Amino acid sequence: MRIIECLFSALPVQEEVTELEAPKFVVEIQTLEASIHDKAKFTCKATGKPTPEILWYKNDKEISRTDNRFTIQFEEKGESSLLIVDVLPEHDGTYTAEAKNPAGTARCKAELFVEGTIIFTCSVT
């Protein structure tokens with residue numbers, strides 16, 4: 001009896017690109033209103049060749065995938081969402097989705113308004 005051993009190594013699957021196409025949002029994120037302790041979810045979809053990478057920002061600062069205040073999800077090609085499971089006053093702000101690939105970058109912005117957030121104003125007389 002002969003035993004034949006075969007070893008296969010998994011190679012990363014790469015998208016074959018014959019032409020470049022700059023990213024374009026086909027679904028842009030929308031402004032949301034949420035109450036404290038609600039959920040809030042921004043969703044977007046971008047096209048391009050190769051399929052663009054989606055990055056998320058709050059007030060122009062990139063949101064890390066390891067930031068436990070946010071959940072970044074990637075669905076079908078070019079589709080992504082940013083989920084806030086427990087909305088707090090500090091989540092109020094401007095959110096940006098950025099789609100980028102070697103052909104360019106596209107951005108879309110929206111606001112999250114947290115209801116119940118207290119805004120203090122002062123006037124000097």
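Colleague: How many of the 6 residues of β4 are buried?
Modeller: In β4, 5 of the 6 residues are buried, and the strand is mostly covered. Buried means under 20% relative accessible area, exposed over 50%, and partly exposed in between, with a 1.4 Å probe and protein chains only. This is a predicted model, in which local features need pLDDT of at least 70 and side-chain atom pairs count only at pLDDT 80 or more, while totals for chains, interfaces and linings use all residues. Residues are numbered from 1 along each chain as its sequence is written, and side-chain values use heavy atoms, with hydrogens and water left out.

Colleague: How many helices and strands does the chain have?
Modeller: There are 0 helices and 9 strands. Helices (H or I, at least four residues) and strands (E, at least two) are DSSP runs, numbered from the N terminus. Of the 125 residues in the chain, 32% are buried.

Colleague: Back to β4. Which strands pair with β4?
Modeller: Strand β8 (residues 93-101) runs antiparallel to β4, with 6 bridges between them, and Glu53 is opposite Lys100 of β8. Strand β5 (residues 61-62) is also antiparallel to β4, joined by 2 bridges; there Tyr57 has Glu62 as its bridge partner. Two strands pair if DSSP finds at least two bridges between them.

Colleague: Which residue takes a positive phi in the hairpin of β4 and β5?
Modeller: That is Asn59, with a phi near 50°, in a hairpin that has 2 residues between the strands.

Colleague: Which residues of β3 are on the covered face, and which on the uncovered one?
Modeller: Ala40, Phe42, Cys44, Ala46 and Gly48 form the covered face, whereas Lys41, Thr43, Lys45, Thr47 and Lys49 form the uncovered one. In a regular strand the side chains alternate between the two faces of the sheet.

Colleague: What does β3 pair with?
Modeller: β3 is antiparallel to strand β1 (residues 21-27) over 4 bridges, with Val27 opposite Lys45. β3 is also joined by 6 bridges to strand β7 (residues 79-84), again antiparallel, where Ser80 is the bridge partner of Cys44.

Colleague: New topic: how many residues are in the largest nonpolar core?
Modeller: It has 23 residues, and among those with the most contacts inside it are Phe42, Trp56, Tyr95 and Leu112. β9 (104-115) is one of the elements that give two or more residues to this core, and β9 gives the most, with 5. A nonpolar core is a set of buried Ala, Val, Leu, Ile, Met, Phe, Trp, Tyr and Cys residues joined through side-chain atoms within 4.5 Å.

Colleague: How many aromatic pairs does a search of the whole structure find?
Modeller: The search finds 2. Phe70 and Tyr95 form an edge-to-face pair, at 6.3 Å centre to centre and 65° between the planes. Rings of Phe, Tyr and Trp (its six-membered ring) pair if their centres lie within 6.5 Å; planes under 30 degrees apart count as stacked, over 60 as edge-to-face and the rest as tilted.

Colleague: Which parts does that pair tie together?
Modeller: Phe70 lies in the loop between β5 and β6 (71-74) and Tyr95 in β8, so the pair ties together parts that are 25 residues apart in sequence. Phe70 is buried at 7% relative accessibility, and Tyr95 is buried at 0%. Phe42 forms one aromatic cluster with Phe70 and Tyr95.
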